[in-house]
Amino acid sequence: MALDQGSSSTRAAQRPVWAVVAAASLPMFMATLDNLVVTNALPTIRATLGASVDELQWVVNAYTLAFASGILLAAGIGDRIGRRSVFLGGIALFTVASALAALSTDPGQLIAARAVQGIGGAVVVPLSLALITGSVTAQRRALAIGIWGGISGLGVAVGPLVGGLVLGSWSWEAIFWINVPVGVVAVVLARLGLPESRGLSEPLDVLGAVLGGAGVFALVYGIIRGGAVGWGAAETVVSLVAAAVLIALFLLRQRTTAAPLLPLGMFANRPFTASNVLGFGMSFGTFGAIFLLIQFLQLVQGDTALEAAWKTAPWTLAPMVVAPVAGLFVSRIGARPFIAAGLVLQAIGLGWIALEMTRAIEYAALVPPFVLAGAGMGLVFAPLSTALLATLPEAGHAKASGANATIREVGVALGIAVFTTLFTSWGGNLTPTGFVDAARSVVGVAAGILAVTAIGAVAVPGAAGKVRPAPREVAVAG
């Protein structure tokens, strides 16, 4: 049974936009931040807990794997039980896991806590967008999504910076302790600022959840290990083959079950499919390049991890300013020009860096392309989320958001792994003399990927007024 749209609109009208955005975005920021916040603390964790290099990798990867593989299931549970209720549970789980991570006395405990954190994050991220769209009026929705989009991108981008700041002032445990009071505040804000909402009343596809979660887990695991041990290694090949089989079985299940976890009919909706392709392309090109450029600042120019994070701030902080502005105007102009312009600006920024990068380049020369790339990210975030949901009924928003978050997370993991492989294949190594030539080529490839991705923006509606909602069954049936 579908939601009562009238009562949903009434509840939305009773809540200020700032309260809804704060309630949905704070826990989402916390969850995306923790994807990379621990990276700067790894040397200290190694010394304190006696962790091996492999265990340090799993401190990061346990979160990523749990996060990516749990998103679709979390969205389905939220639709059935209640999005706000499950959202609150996700915040609580994430907060408790953060405390357990801070209390860890050996690497195994920390890795386990990070995995539980990832599950909590997988609950929070897809439901946050669905809760926003169901909690504000249609007239304010684009602005709310714009602010949400800026905060979402900010969380991933500034993780290393926040980790470095906290580590420099306190200890590695504080990176996790700070989540505890933030989590408590987030629970209060969500209870006060967000109304309960549900998707369709239908059975939860448990088999589909197992197949989908296992498939995404195997895919991301194979991508991560491919970048670490080689794409031809048995471990990588077995994982990727298993991923292909499991995902194929998942898709077959979604096509035949009466209550799919991911209705494949959604992909018949052109704006939805285009938004997912564009989100994957941007995540693949952008975050793979950011990873290499942070290494460039540290290895070639001698910056500390914290200094490198600060220097990339013109790039990583720009979306926080630009995304809300894009969200404010997207309903008048349409998503297409913003997305196309944003991807082109990112391509220009990365191409500029590839042309100018040398061992002796002054930081001032990097600021303009950093700003261009950051502004481009900000122009894409909100319009892409708006286009993703614009022609889908509210009952399908959590599943649509879950699918998009999963695809983008795979794009980030694949981009870092593939670009690292290209870097080493083209003679790059992690020394000041062996880094620049290969890195320039890889960043140039990233610019080309973003430029090609920009062409896909033609599939996104040009003006919001021309977009018509898709039939109800497109969002809810296989």
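## Salt bridges, a helix pair and aromatic rings

The structure holds 4 salt bridges. A salt bridge here is a side-chain nitrogen of Lys or Arg within 4 Å of a carboxyl oxygen of Asp or Glu. Side chains of opposite charge can pair when their charged atoms come close.

This is a predicted model: local features need pLDDT of at least 70, side-chain atom pairs count only at pLDDT 80 or more, and totals for chains, interfaces and linings use all residues. Residues are numbered from 1 along each chain as its sequence is written, and side-chain values use heavy atoms, with hydrogens and water left out.

### Charged pairs

| Aspartate 79 | Arginine 83 | 3.0 Å |

Burial is judged by relative accessible area: buried means under 20%, exposed over 50%, and partly exposed in between (1.4 Å probe, protein chains only). Aspartate 79 and arginine 83 are both buried.

Helices are DSSP runs (H or I, at least four residues), numbered from the N terminus. Aspartate 205 is buried, at 3% relative accessible area. Arginine 253 is partly exposed, at 26%.

Glutamate 235 is in helix H12 and arginine 225 in helix H11, so the pair ties together parts that are 10 residues apart in sequence. Glutamate 235 is partly exposed, with a relative accessible area of 32%. Arginine 225 is buried, at 10%.

### Two helices in contact

Helix H2 (residues 17-33) packs against H10 at an angle of about 150 degrees, and their axes are 8 Å apart. Axes are lines fitted to C-alpha atoms, for helices over the stretch in contact, and angles run from 0 to 180 degrees between N-to-C directions. The crossing of H2 and H10 is left-handed, meaning that the near helix is turned anticlockwise from the far one by less than a right angle.

Which residues make the contact? On H2 they include Ala19, Leu26 and Met30. On H10 they include Val182, Gly183 and Leu189. Contact means heavy atoms within 4.5 Å. By class, the contact of H2 with H10 has 12 nonpolar, 3 polar and no charged residues. Ala, Val, Leu, Ile, Met, Phe, Trp, Tyr, Cys and Pro count as nonpolar, Asp, Glu, Lys and Arg as charged, and the others, Gly among them, as polar.

### Aromatic pairs

The whole structure has 10 aromatic pairs. Rings of Phe, Tyr and Trp (its six-membered ring) pair if their centres lie within 6.5 Å; planes under 30 degrees apart count as stacked, over 60 as edge-to-face and the rest as tilted.

Tryptophan 172 and phenylalanine 176 pair edge-to-face, 6.2 Å centre to centre, with 80 degrees between the planes. They are 4 residues apart in helix H9 (residues 172-177), a separation of about one helical turn. Tryptophan 172 is buried, at 3% relative accessibility, and phenylalanine 176 is buried at 0%.

Phenylalanine 217 and tyrosine 221 are stacked, 6.4 Å centre to centre, with 5 degrees between the planes. Phenylalanine 217 is partly exposed, at 39% relative accessible area. Trp58, Phe217 and Tyr221 form one aromatic cluster.
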